[in-house]
Each structure stands twice: as structure tokens, then as C-alpha cells.
Amino acid sequence: MKWTRRDLLKGLGGLPILGAVWWAGATSTVNNRRERYEILEQLNIQPSLPPTVPGIEGEPTRVGIIGFGIRGEQLSRALGYATEEWKEEMRLEKEEDPNNSALEDFMNQDKLNVNIVGVCDIFDVRAERAIDSFSTPDNRIKRYTTYKEMIHSGDVDAVVIATPDHWHAPMSIEALKNNVHVYVEKPMTHTISETYALRDAAHQSKAVFSVGHQHRQTLSFSTARDIVEKGTLGHVSLIQTNTNRNDDNGAWNYDIHEKASPQTIDWDQFLGSAPQVPFNKNHFFRWRKWWAYGSGLSGDLLTHDYDRLNCVLNMGIPTSVMASGGIYTHNDGRNVPDVLQVNMEFPNYSTGSSQPKGKEKGMTFCYSATLGNGFNRPTILMGHDASMELGNNLTVWPDAASTRYADMLEAEKMKPHIPIYQYNPAANVPDAISSATSQYFADKGLMWTYIDGVRVDSTFLHMREWLSAIKNGGKVSCGIKEGFEEAISAHMAGLSWKLGRKIEWDEASETLAPIDGIDFDEVLLASDWQVEQAMAEEA
Amino acid sequence: MTNEINGKKVSATIVVLRILIGWHFLYEGVVKMYNPEWTSFGYLASAQGPLKPIFTTLTAEAVIGWVDTLNMVALLLVGITLISGFLERMGSLVGIGLLSLYYLAHPSLPWLQQLNVEGNYWLVNKNLIELVVCVLLYYYPTGHIFGLTYFTRKKELTKI
């Protein structure tokens, strides 16, 4: 048999095509990878690993819950305790939407070495719900009628405080004085003077104090810190961060329970130091809408954004704060603003510079919020060399006029509209120059925060850290220093909005610059400062 | 005579079709092979349609590595067999299997939001079309016209 040239062409003609396609695929992939690694190597960013804490051994920590409302229930779930009502609700939701894995996630959550032993809630329905759900034959949940009774009982090692803001400091201080460990919701305090008093109490106490800023556990934030410290963004001159909500729940118009009455609610205890007004269900369930009990956007939501950034930048308390806004979207009797803009100035702060020394210094933190629009505006850190979008995932884009990346931009190894770094705690590797696809998945929230392949709730991690510090010592990530900075900054924003003036902080003396004739605490607590002041002047 | 000429043209066209499909598969396989960071996790995790639970179970940590490797090997296999014209019917079957999975993971059903598509599709999408082409290649092998199978065929003819 003899093969002609024609035979060879017909038989082997496919092989050169095969080789060509193989070569093209291999070289382009290898080159892309090399370019990505070149950028990654230059950036040298270390993606954060899940936090590890020493095991929580020994006798279970005996925990008392003070305030078993919406947040109190969530915090209990993080501790491993869910009410029967919630489990049933989640079962129903799962039937409607098979994607709802809340119950499954809860069941799979690691067990923390805790016993919830008592509850203190001044609304009978809530206290009873905790008792009915959490009591077991060998651990009957005890109801305490006052927080003092719980703290002094000797039966609780630690308390979780999820009450209206005006109760945070008195309860925390009482617990700390008795060396009972404290996990308190944000904002840590309701007034300026309380903030100092709580700091003193925490310093003097042997107990562990933690503020409920659970996002400090979010892995992308610790990676963001590394990114900023390595000078990736250059000098950050502006941060924009936002709240956008457009629903009743987001505007704090929570459900009013049908069984609420003066018989089922200890109204005097709810009021505490607040102005003594007659029983009011609206005030009780929707307390965030009044300065007497809450602190509106500045205390409830600005604190999240401020602390998120403070945990990345460690910028501390602003030198000055100016705020403006009003009640524009929910004119329903509330006295806290529902549209709020806060500019915090940090004139001496710098994240480093790639330009001549002394050219760049100072930063503005700009918080913008509305409860009348739900468009998702991301948090962005704007630096001379790059911009970073910060959320559960994070993305870094080079700036077209960057000094640091000028050569790479010139060589078109970097392009301003293409991310140079993207971090996603769920992906197995950091992804420089992400594809449109992975960008899409990230935005869509399909990649959850994983720890060893398990989706984890950051509140759980935050409480685990607190419980570990109780048993093993060590620092909590949001302790009294961080809580103090958060509270003072939030109160400065509230004061500025109420007074329509710039509020200044003196770092050396750690005090607010006084304003003649103004008592800051009085202003913070006032229902409408301008009106009250005018009335006082008339009188 | 006319029919014979047309038959030759059809065969030649199917040869081209076979090479192009093989090209497409091979390139996808090679790109994945040279990028160890590649994973089908996102594609599977975002699966839609009636078989979503099945695709979701494939994302489990213990399984995903195998899924990725099998996918890559299958892609290379289809690419090599279709381009070389050797065992092309087996390659076509594997191709049909892969494309069925791709179609079912992200079916173009009107009530589903289409993820990562560059066009607009109603029931029919490119995966489905390519799948049917693989069916054609299965029933109409052309490796003996252009491909390694040509040699075995020639040998048989010479013997007669």
C-alpha cells in the first residue's frame, strides 16, 4: 500500500489545526496569567484568612439576654438559640422559596459553649417567647423583671444588651461594675457624658466589653486594611458611604404587637431617664424614630458605615463634623431625620502618598443617607492611585492619573476601567483583572462568605470572638476604644444636625470644643432643639 | 451526477462543521487546562431551572474538583476526536452529553432571568444548536473523508 500526498493531506490534515488551536489556547492563558501575577506581585495584597479563635472550653458561659426584640432574637440565634416561632416561619419561607437556607444555616452553625439562662424584657410576650423556646428540662430560663436583678443575681456571667439606645450605657455600666461581661448593640451610648462614663467603667472592670459591630468579622474588611496599608490606593482624600432604604421596615416602622398594652409592657422601665410621656405603643415598638430613646440615622446606620471604615483605616474621631438633612420622606411624627448628609473631616489623616512629600494630607468621610430611595450606592474609597469599592467583596480600579501605576498604565498592562484586584472570600484564589462573569457573580451575591466551605453569619463570629475572649483572654475587635470612637463620632453628627453648626473635637484633651451656652447632652436628647431653645428664650 | 456533486459538497461542509465544533471544544478545554484557578463553581452555583438542586450538589467541596477535571477532560476529548477525525462518533456523544448539561444548567426558559448571555433567547440557545450539530456529526461521520479514519478506510478499500 502506498500513501500519496493527497492521502496524507486527507488523513492528517486535522492535526495541524489541532496543534494550532492548542498552541493558541495555551499561550493566551499562560500570558494572561503571567500579566495578572505581575500585577498581583506588585500589589502584594494578602487576602485575609478566616479569623481563628482559641477553643471556648470549660463550663458553658451563662448568658442573660436583656432586650428580646428583633435584634435580641437575632443575637440569640448567633448564640445557637432560635425561637420556635422563627423556625416555623423559616420552614414556611423555605416552602415558598427553596433557596431560603436560613434554617439550614442556623442548624449547621457551630455550637458555642454557652447557656442562655435568663431573659429580661419588659414586654411579657417577648419574655415568654424566650422562656417557652429556650427552656429545657435541665435549664429553665429565668425571667428577670429588671436588668439590675439579672446582673446582681450571680447566675449570669455575661449579658447581651439589645435595648433602645438610652438604656445601652446604664446597663453596660452596671454590668461592668459587677464584672459581668457585656455585648452591647450599637451605638454604644446615647449621650456624650455616658460615653466617657462607660469608657471609665470598661477600663476599671475585669469583664470583657464588646460592641456589636459584627462587620469587623467580615473577611473583605481585613483584606481592605491590607490593601490600604500597602499603599495600593495612594492617598485617599474622599470616602463616600451611603444608606439607601425605601421601605417601612427600613424607616423603623416596625410592627406593633396586638397584645401590647400597659398591662403587658412595663412602661416606666421603658422610659427610664427619657421624658415621662403616657403609654405609647408607637414609641415602644418604633423607638428609633425619637431622640429620647434612639438616635436615628446617625446612631443606627452611620455608626455601621463609620465603624466599617474605622476598622479598615483606623482613622479615629474626626476633627470636625458638619451635617444637614431633614424629615423629608416619613413625616409621621418622628423627630429624627430621614435624609441625612454628614461630612467628617480628618485634616491630618493620610493613607500614604505616591507623590512629593507634603502634597497630600487630609481626608473627608462623606456619609449620605435617605430612607426614601433604595438605589444601591456602594461604599467607595477614592485615592490618588486607585479606587476601592468595599462591600462583602471588594474591587480595586487603578486611577487614570495615578503616579504609582503610571508605567503600567502607559504600557497598557493596567486599564482604568478594569479592576486590578478583586477579593471574594468564597473564591479559592484572589482574582486580579476579574472577568465579567466573576464580577457578575460577585455583585449578585452568589458567593457567600465561606469558612471551610460553610456559609457563616458574621454576628456569630463576632459573638464567638467575645466568648473566646471571656474564656481565654485576648482582645475583641470592637472593644471600648473602638466603641468610644464610634459613639463620639455619631454624637457629633447628631449634634451638628440639631444645632446646624460645625462640631469640633480636640484630640489632645479628648473633648468636644465647647460652644457657649450649649449643653451637648441636652441638645442630643431634645426632641426639637431649635423649638425648645426658642421657647426657653421666650420664657 | 448532480446528486453526487451535491453529496460531496454536503460532506465537505459537514467536515468543516466538525472541525469548527472540535475547535470550539478544544480551545475551551485547553484554556481550562492551562489555568489551574479555573473552576465551574460559579456556573454551577448560579444554575437555574428544574435541575438546579442537582447542579448545586455538584458545587460541594468534595465534588467540585472532580467535576472540574471531568469537564476539562471531556472538552479536550471532544475537541481532539472531532478535529482529528478519529473516534469522532464517541466524541460526538460526549459532546452531546456536555452540551445537555450546559443547556440544563442555564436553560433559556422565558420565566428565568438569563445570566451571562450575549444575546436574546427563547427556549433555543447556542448550546442547544451546537448539541444538535453534534447529533448530526454522530449520524454523519466524516473522518474517513478528512481525518485519521481515512487511513483505516483506505486500508480496507485496498484489501478489496
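This is a predicted model: local features need pLDDT of at least 70, side-chain atom pairs count only at pLDDT 80 or more; totals for chains, interfaces and linings use all residues.
Residues are numbered from 1 along each chain as its sequence is written, chains are lettered from A and ligands numbered from 1 in the order in which they are written, and side-chain values use heavy atoms, with hydrogens and water left out.

Chain A contains 19 helices and 18 strands, assigned as DSSP runs numbered from the N terminus (helices: H or I, at least four residues; strands: E, at least two). Along the principal axes, its C-alpha atoms fill a box of roughly 110 × 60 × 45 Å. Of the 539 residues in the chain, 55% are classed as buried (buried, under 20% relative accessible area; exposed, over 50%; partly exposed, in between; 1.4 Å probe, protein chains only). Among contacts with a separation of 6 or more, 70% involve residues 24 or more positions apart, a contact being defined by heavy atoms within 4.5 Å.

The side chains of chain A include 51 positive and 72 negative groups, and the centres of the two sets are 8 Å apart. Here Lys and Arg count as positive and Asp and Glu as negative, without His and the chain ends; each charge is placed at NZ of Lys, CZ of Arg, CG of Asp or CD of Glu. On the surface, E89(A), E93(A), E95(A), E96(A) and D97(A) form a patch of negative charge. Such patches comprise residues with over 30% relative accessible area and no salt bridge, like charges being joined within 9 Å and nonpolar side chains (Val, Leu, Ile, Met, Phe, Trp, Tyr) within 5 Å. E95(A) is situated in helix α4 (residues 84-96) and is exposed because its relative accessibility is 66%.

Over all chains, 20 salt bridges were identified, each requiring a side-chain nitrogen of Lys or Arg within 4 Å of a carboxyl oxygen of Asp or Glu. One of these joins K94(A) and E104(A), with an N to O distance of 3.5 Å. This pair links helix α4, which holds K94(A), to helix α5, which holds E104(A), across ten residues. Both side chains belong to partly exposed residues, with relative accessibilities of 34% for K94(A) and 44% for E104(A).

A further salt bridge, at 2.9 Å, connects K230(A) with D226(A); K230(A) is partly exposed at 29%, whereas D226(A) is buried at 15%. In the bridge between D332(A) and K289(A), the closest N and O atoms are 3.0 Å apart. Because D332(A) lies in the loop between β8 (320-326) and β9 (339-346) and K289(A) in the loop between α12 (281-285) and α13 (296-313), the pair ties together parts 43 residues apart in sequence. D332(A) is partly exposed at 30% relative accessibility, while K289(A) is buried at 1%. Salt bridges with shared partners also unite E73(A), R77(A) and R129(A) in one network.

R77(A) is also among the contacts of Q109(A), which, neighbours within four places in sequence aside, include A78(A), L79(A), G80(A), D457(A) and F460(A). Q109(A) occupies the loop between α5 (102-108) and β2 (114-120) and is buried, with a relative accessibility of 13%.

Note on methods: Accessible areas come from the Shrake-Rupley method with a 1.4 Å probe; for residues, only the protein chains shown count as cover.
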